[in-house]
Structures are given as C-alpha cells and as structure tokens.
Amino acid sequence: MPLYKTIKPNSYTSIFIWKIEECFDDLFSNIPLTKSSEERLISMKSELHQRGFLSVRHLLKEAGYTDFDLYYTDNGKPHLTDGKHISITHSYTFSALIVSDVEVGIDIEKNREKIKIIQNKFVNFERGFIHKDDDYIQQLTVIWGAKESLYKIYPYGGLTFKNDIDINSFKISDKKTTGYIKVEGWNKNYDIRFKQLDGFTLVYALETPDND
C-alpha cells in the first residue's frame, strides 16, 4: 500500500510509516539502490526482511531522500548526507523512519506474549511503576521500544537495556513519558512518545529543547 501514516511531533521532526503489503517485485521496482544496498539486499535470506528493507527506501523517498543520501557509520548508525538526524525501524508488516533537526530514535514492535518471558533482560528501574491493571504487554513493549530508541540515539554503542537506560513512569493512556541514558558525560533528557498501530507499538525518542 502507499504511505500508511505521517506524524509531525513538532515543526522540525517528521515520521513516516509504511504498512508492508506489497510483494518483493513491486517494492523493488523503480527504487534506486546503492551498490552496497544491492549487495545487502541480496544477502538477506528472508523475503520478509528484504521487503522491510525496500519499504524503508520508499519511506526515504516520501521524506525527500534516496538511498544515495543515506550512509551508515561503523557501529551501524544511519546518517543523512544533509546533516539531519535519522532513525529507522521495521518489524513484520510495518516500517518507519524519523527525520529531525535534533537527535532521534524510533522503534516499532509487534505486541506479543513473548515479551513477558524476556522482561527480566531489559526491565529494572521500571519495575516500580508497571501497572498490573493496565495492558501489561503494551507497557512492556513501550519500555522495550523506548530503550531501543534511546540505544539508537547513543552514538558509541555498548549500552545494556537493563542497566544503562531508564524509562520514567507512564500509563498507556499517557501516550508519552521521558527517559535517559545513564552514561557519564551524557547529560541529556529525552521525550518518549508512543502509539498503537494495528497490534504494533510505535515508540520514538526526541532530544528535549532544554538540552540545547
């Protein structure tokens, strides 16, 4: 399908979301790829991953870019040649990217029971505010997505979700919270926003103005 949704959190940030319903051939046609992207696409063993990869290139087009405007640092962090900040995510039938003048991270996850089994790997500080009378799976998925978004912002890698990133108290109805990276010398606060999309949780993190 065409572009599923756009979100404008503020005047300098845009989010583009694609629901992946096309076949590989439809996504592959008329989308220019760099040589390295072609090689990466061919190396993918899963067509689901291939379609996710190609849908992101369509999102780049929606944002006014091409694959040739995108490059990655050695730690896998994406960048745009014009200096704007970008973050990318895809999961099953959704992909999304966020472009902004400030540091941003984005994640989309399918709401699954499995997250209750692995929660001890990423929940720490947050244990004190999880509401048993709220949607438990969605809460855990927001926490995971928020930590993934902040992990994507931090440029040096090496963070652990459980010990190095904290997400502050929220309820699902809030649709927002805050979070921070607990690393010496990294004194920045981040707004966290989240919303539900057809059984998926979209989470994104934005550097707050008081960091300027």
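Residues are numbered from 1 along each chain as its sequence is written, and side-chain values use heavy atoms, without hydrogens and water. In this predicted model, local features need pLDDT of at least 70 and side-chain atom pairs count only at pLDDT 80 or more, while totals for chains, interfaces and linings use all residues.

Reader: How many salt bridges does the structure hold?

Author: A salt bridge is a side-chain nitrogen of Lys or Arg within 4 Å of a carboxyl oxygen of Asp or Glu. Among these pairs is Lys84 with Asp101, at 2.4 Å from N to O. The number of salt bridges in the structure is 7.

Reader: Is Glu103, which forms a salt bridge with Lys188, buried or exposed?

Author: Buried means under 20% relative accessible area, exposed over 50%, and partly exposed in between, with a 1.4 Å probe and protein chains only. Lys188, the partner at 3.0 Å from N to O, has 23% relative accessibility and therefore counts as partly exposed. Glu103 has 15% relative accessibility, so Glu103 counts as buried.

Reader: Which residue forms a salt bridge with Glu126?

Author: The closest N and O atoms of the pair are 3.2 Å apart. The two residues stand 21 apart, with Glu126 in the loop between α4 and α5 and the partner in helix α5; helices (H or I, at least four residues) and strands (E, at least two) are DSSP runs, numbered from the N terminus. Both residues are buried, and the partner of Glu126 is Lys147.

Reader: Why is the pair of Phe125 and Phe129 edge-to-face?

Author: Rings of Phe, Tyr and Trp (its six-membered ring) pair if their centres lie within 6.5 Å; planes under 30 degrees apart count as stacked, over 60 as edge-to-face and the rest as tilted. The centres of the Phe125 and Phe129 rings are 6.4 Å apart. The pair is edge-to-face because the angle between the planes is 65°.

Reader: Which residue, 41 residues apart from Phe129, forms an aromatic pair with Phe129?

Author: Phe129 lies in the loop between α4 and α5, and the partner in the loop between β8 and β9. The pair is edge-to-face, at 5.5 Å centre to centre and 65° between the planes. Both residues are buried, and the partner is Phe170.

Reader: Where does Lys114 lie?

Author: At 45% relative accessibility, Lys114 counts as partly exposed. Lys114 lies in helix α4, residues 114-118.
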